[in-house]
Amino acid sequence: MNKYYFIFLIWLLPIYFLGQFSYQLLTFKGIQSTYNNGDSYIASVTDFDVKQIAAQTNGYVVINFTTSSGETVEERLALPVQFAQVIMNSELIPVRYSESSFSPIVMMPIYDLQQNVVKVNLAVTLFGSIATLLVGFFASRYALRKIREGDDDIEIEMMDDVAPAVG
């Protein structure tokens, strides 16, 4: 098997970025759908933790509320540090809930910040998709040319007739 076939693995990167872009787009639409069509509730915070691991700071919050149909909903939501700072001292958090949404729970105090973070993620993954699509295109052209034409034969020859030094 020709080693240049491995260059085609570069196409896994744009596929990955397009998958991430799709996920972020679904998250963005889910947040908007829940905010616009969800029911409003007041959730109580049952657990809250923020951890710092190396240069990353993140955490979680566990919220609990009862829907209008009498169902108790308890969810553990991941929190980046920006979100955690907003709700850190809150015992009660207003939320919107839509069970059928991709993002079923939206915490109202962080809604705008959450939308901005997802928009930035969309932009970054779109940029990554475009960049890796271009790299994949040019790498594939190179690989196809090398597969079709073969490797260049490199011939190394000595150009000077210098006798080894004795001495």
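1. Q115 touches F28, I31 and Q32, neighbours within four places in sequence being left aside; contact denotes heavy atoms within 4.5 Å. Q115 lies in helix α3, helices being DSSP runs of H or I of at least four residues and strands runs of E of at least two, numbered from the N terminus. Q115 counts as buried because its relative accessibility is 10%, the cut-off being under 20% relative accessible area (1.4 Å probe, protein chains only).

2. The model is predicted: local features need pLDDT of at least 70 and side-chain atom pairs pLDDT 80 or more, while totals for chains, interfaces and linings use all residues. Residues are numbered from 1 along each chain, and side-chain values use heavy atoms, without hydrogens or water.

3. Helix α1 covers residues 12–37. Its buried residues are P14, Q24, T27, F28, G30, I31 and T34, and they pack against β4 (92–97), β5 (105–107) and α3 (111–149).

4. The largest pocket has a volume of about 590 Å³, the space filled by probe spheres set on grid points joined across faces, edges and corners. A pocket is an open set of points on a 1 Å grid over the protein atoms alone, where a 1.4 Å probe fits, with protein on both sides within 12 Å along at least five of seven lines; lining residues have an atom within 4 Å of a point.

5. The lining of this pocket comprises 22 residues, with Y23, T27, A78, F83 and Q114 nearest the centre. Two or more residues come from each of α1, β2 (56–66), β3 (72–80), β5 and α3; β3 gives the most, with 5.

Note on methods. Expected span 1.5 Å × (residues − 1). Buried < 20%, exposed > 50% of the residue type's maximum accessible area, 1.4 Å probe, protein only.
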